[in-house]
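Visitor: I would like to go through this model label by label. For each term, please show me the value behind it.

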Amino acid sequence: MKPSDALRRHTVECASTAGSLPLAASQNEPAGERAWGCSRTTTYSAPEPPGDLGTLTELVIQRLLMGDEVAASKIGTGRPIDDPARERHELEMVRHQAHRLGLEPDGTTTFFHDQISASKIVQRGLFARWAAHHEQMPAARPDLNRIRTRLDHLSRELLQELQTTQRLRTASEDCARQLAHAVRSGCVLHRLDGLHQQALETATRSVCGGVRGNSQPTLQ
């Protein structure tokens with residue numbers, strides 16, 4: 001089934017699920033629906049199809065959902081969430097590929113830095129959740145090397161989609177509108193809980209460049 005078909009068929013509540021972690025950032029945010037995406041408390045009909053930024057947003061969501069698998073592979077092993085050497089290597093490769101694809105290197109590196117930050121939000125949130133609720137601890141431990149191979153493949157797809165949407169993403173006003181639609185659609189389709197919504201906000205904050213305010217990547 002196409003994502004747009006699923007969105008038309010379902011009316012769901014885009015809110016934190018029963019077991020989701022009550023993060024401090026979530027508790028301090030204003031009530032009501034956010035401009036960037038879906039509300040954590042409001043029940044509403046499925047939004048319109050995701051539009052021209054739908055594929056990019058879907059890839060972003062797929063990547064942050066893989067943070068669940070990364071967390072499951074690390075929990076109880078003593079492996080840290082932060083991996084500076086891998087992060088530095090990934091961002092250096094992204095910068096190289098950005099040049100090859102005709103993308104702006106700094107903005108592209110910032111975007112991927114945001115993907116890494118979003119994954120860490122998911123991992124830290126799940127670690128805390130599992131520490132508080134041992135019964136929710138994953139039974140299986142995925143192979144981290146296989147996960148990283150899939151993440152590398154997703155990075156290549158994301159780079160291609162950044163190239164495809166380059167013109168739209170530089171049209172600030174239309175980009176912000178399109179991104180809001182795509183994020184709402186993705187939130188509904190994947191039924192993201194509060195933790196993953198917070199991660200999605202971080203992962204999409206530099207899609208439209210200056211409209212969302214860029215974070216600065218750190219390569220040291």
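Visitor: At what angle do H4 and H5 pack, and how far apart are their axes?

Guide: This is a predicted model. In it, H4 and H5 pack at about 145°, with axes 9 Å apart. Their crossing is right-handed.

Visitor: Which residues of H4 and H5 make the contact?

Guide: H4 supplies Glu87, Glu90, Leu91, Val94, Arg95, Ala98 and His99. H5 supplies Pro105, Asp106, Thr108, Thr109, Phe112, His113, Ile116 and Lys120. By class, the residues of this contact are 6 nonpolar, 4 polar and 5 charged.

Visitor: What does Phe112 touch, leaving out residues up to four places away in sequence?

Guide: Phe112 touches Glu90, Leu91, Val94, Ser155, Leu158, Leu159 and Leu162.

Visitor: Why are H5 and H9 called roughly antiparallel?

Guide: Their axes cross at roughly 165°. The cut-off for roughly antiparallel is over 145 degrees. The angle passes it, and therefore H5 and H9 count as roughly antiparallel. The axes come within 8 Å. The crossing of H5 and H9 is right-handed.

Visitor: Which residues of H5 and H9 are in this contact?

Guide: From H5 come Phe111, Asp114, Gln115, Ser117, Ala118, Ile121, Val122, Gly125, Leu126 and Arg129. From H9 come Leu195, His196, Gln198, Ala199, Thr202 and Ala203. The classes here are 8 nonpolar, 6 polar and 2 charged.

Visitor: Why does Ala203 count as buried?

Guide: Buried means under 20% relative accessible area. Ala203 has 0% relative accessibility, so it counts as buried. This residue is in helix H9. Beyond its neighbours within four places in sequence, Ala203 contacts Val60, Phe111, Asp114, Gln115 and Ala118.

Visitor: How far is the C-alpha atom of Ala203 from that of Phe111?

Guide: The separation is 7.4 Å. Along the chain, Ala203 and Phe111 are 92 residues apart.

Visitor: Which residues touch the most other members of the largest nonpolar core?

Guide: Leu53, Phe111, Phe112 and Val207 do, in a core of 43 residues. Helices H3, H4, H5, H6, H8 and H9 each give two or more residues. H3 gives the largest share, 9 residues. In general, nonpolar side chains tend to be buried together in soluble globular proteins.

Visitor: Why is Arg191 called exposed, but Ser172 partly exposed?

Guide: Exposed means over 50%. Arg191 has a relative accessible area of 53%, so it is exposed. Ser172 has 37%, between the 20% and 50% cut-offs, so it is partly exposed. Arg191 is in the loop between H8 and H9, and Ser172 is in helix H8.

Visitor: How far apart are Ser172 and Gly209, in sequence and in space?

Guide: They are 37 residues apart in sequence and 7.7 Å apart from C-alpha to C-alpha.

Visitor: How many helices and strands does the whole protein have?

Guide: It has 9 helices and 0 strands. Buried residues make up 48% of its 220 residues. Among contacts with a separation of 6 or more, 86% join residues 24 or more positions apart.

Technical notes. Residues numbered from 1 in each chain as written. Predicted model: local features only at pLDDT ≥ 70, side-chain atom pairs only at ≥ 80, totals over all residues. Heavy atoms only, no water. Core = buried A, V, L, I, M, F, W, Y, C linked by side-chain atoms within 4.5 Å. Buried < 20%, exposed > 50% of the residue type's maximum accessible area, 1.4 Å probe, protein only. Helix = DSSP H or I, 4+ residues; strand = E, 2+ residues; numbered from the N terminus. Contact = heavy atoms within 4.5 Å. Axes fitted to C-alpha atoms, helices over the stretch in contact; angles between N-to-C directions. Left-handed = near helix turned anticlockwise from the far one by under 90°. Nonpolar A, V, L, I, M, F, W, Y, C, P; charged D, E, K, R; others polar. Parallel < 35°, antiparallel > 145°, perpendicular 65-115°, else oblique.
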